[in-house]
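Thank you all for coming. I would like to walk you through one model today, starting from the chain as a whole and ending at the ligand.

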Amino acid sequence: MARLEGKVAIITGGGTGIGKATALRFAKEGAKVIVTDINQESASKTAAEIQGAGGEAQAIAHDVTREEQWEQVVAETVKHYGKVDILFNNAGIYIIKPLAEITLEEWNRLMAINVTGVFLGMKHTMPVMAKQKSGSVINASSIAGLIGAPGHVLYGASKGAVRIMTKDAAIEYASAGVRVNSIHPGYIDTGMVAYASEATKHSKEELAQGVPTGRLGTVEDVSNVVLFLASDESAHVTGAEIGQFGHPKLGETIASIIEECKRFQKPWGIFCPSIEHAEGWIQRGASLVLVGSDALWLLNGINSLNGWKRKYSPK
Ligand code: NAP
C-alpha cells in the first residue's frame, strides 16, 4: 500500500522548490493534495503535473499571511474531501542582511509569511484534525532556527519561532492525536540557495564544500523527510525537530581554521562575545575570528567567516 493512501494534504508554497517536490511525492504515495501558493499559476502547474501523472490535486491561490484565505482553504478542503490529514507549512521567504540594515518593513513582511503564516496554518487545521483524532503538521524551519549566522537575525528569528511554536503546539495537541514536527534543512538547491549564493558572494559549489556530504541537498532529500513525518510511520513522533541535513561540517571547519592560523602564524580569536571584539582581533591581524556564544560560527564554517572578515577587515 502507498504510504499516504487515502490521506488529504494541504501544502503551502507548493508552486516551486521543496513545496512542489513534496506535493508530487505525496501524490505518488496516494495522497489527495491541495497545492496552495501565493502564485496561482505555479500552484496550478504543480496540480496539473500531479493530475497528469494520474494523481489527485487541486490548486488554490493562497497568501499564508491572510487569515480569511486560510479559513477558505481549510473550508474548501473539508467540503471537498471531508477532512484534513496533513498540513505542510512550507511557504517562506529568505532575507540575508546585517541587523542594522534590516528595515522594519522587511522584518514585518518576513515575519508575517514565515511565522504568522505557520501560526494561522496550525490555528485553522489543528482543531479540524483534533475532531478527527488524527493529523500531522510539518513546519518548515531551517538550520537557521537552531543556530545563529551572519546576516540571519531576521530569518533566524522567524525559523527559531517556528521551531518553538512547533513544540508548544505539539504538547497542546498530543492527547488529541495531532502531531506537529519541524524540519531544519541546511542548503537545499532551490531559488533560496541561488539567493544565498548571491547574497554571500559564494558560489553554490563553495557552499556545497561546507556540507558533510559535499553536495547541496535536493528537494527530494527534504520531501523524503516530510513524507516520513506525514505518514503513519512516524505515529509516535511529535514535537521533534528533524533534518539537520545539508549542514556545514563542524569538526573539519574547526580543524581547518586552526591549521590555517598555525600555518600563517597569526593569532586567532575564537568565540568573541561580540562583533566589536571580533574587529579588535582582526585589527590585531587575526586570520579568522569566530563570533558568538554558541556553535553558530563553527557550523556555518569558513564561508560565512570569510564573508564577515571581508566586511570587517580594515582596508
Ligand atoms: P522557494 O523555492 O522560494 O519556495 C517558496 C514558495 O513559497 C514559493 O512558491 C513562493 O511563491 C511561496 N510564497 C512566498 N510567499 C508566500 C505567501 N505569502 N503565501 C504563500 N506562498 C508564498 O523556497 P524553498 O527553498 O522551496 O523553501 C521552502 C521552505 O523551506 C521555506 O520555508 C524555507 O524557509 C525553508 N528552507 C529552505 C531551505 C533551502 O536551502 N532551500 C533551507 C532551510 C529551510 P513565489 O515564488 O511566488 O514568491
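Of the 315 residues of the protein chain, 45% count as buried, a residue being buried if 20 or more other C-beta atoms, placed from the backbone, lie within 10 Å of its own. Please keep in mind that this is a predicted model, in which local features need pLDDT of at least 70 and side-chain atom pairs count only at pLDDT 80 or more, while totals for chains, interfaces and linings use all residues. Residues are numbered from 1 along each chain as its sequence is written.

The secondary structure comes to eleven helices and nine strands, taken as DSSP runs (H or I of at least four residues for helices, E of at least two for strands) and numbered from the N terminus. Seven strands form an open sheet in the order E3-E2-E1-E4-E5-E6-E7, with parallel pairing, where two strands pair if DSSP finds at least two bridges between them. At the edges lie strand E3 (56-61) and strand E7 (241-242), each pairing on one side only. Within the sheet, strand E1 (residues 8-11) pairs with strand E2 (residues 32-37) over four bridges in the parallel sense, and Ile10 stands opposite Ile34 in E2.

Let me finish with the ligand. It is surrounded by 30 residues, of which the closest are Gly13, Gly17, Ala91, Gly92 and Thr190, a residue being near if its C-beta atom, placed from the backbone, lies within 6 Å. Helix H1 (17-28) and helix H6 (191-200) are the elements that give two or more residues to this shell.

Notes:
A residue is buried if 20 or more other C-beta atoms lie within 10 Å of its own, exposed if 12 or fewer, and partly exposed in between; C-beta atoms are placed from the backbone.
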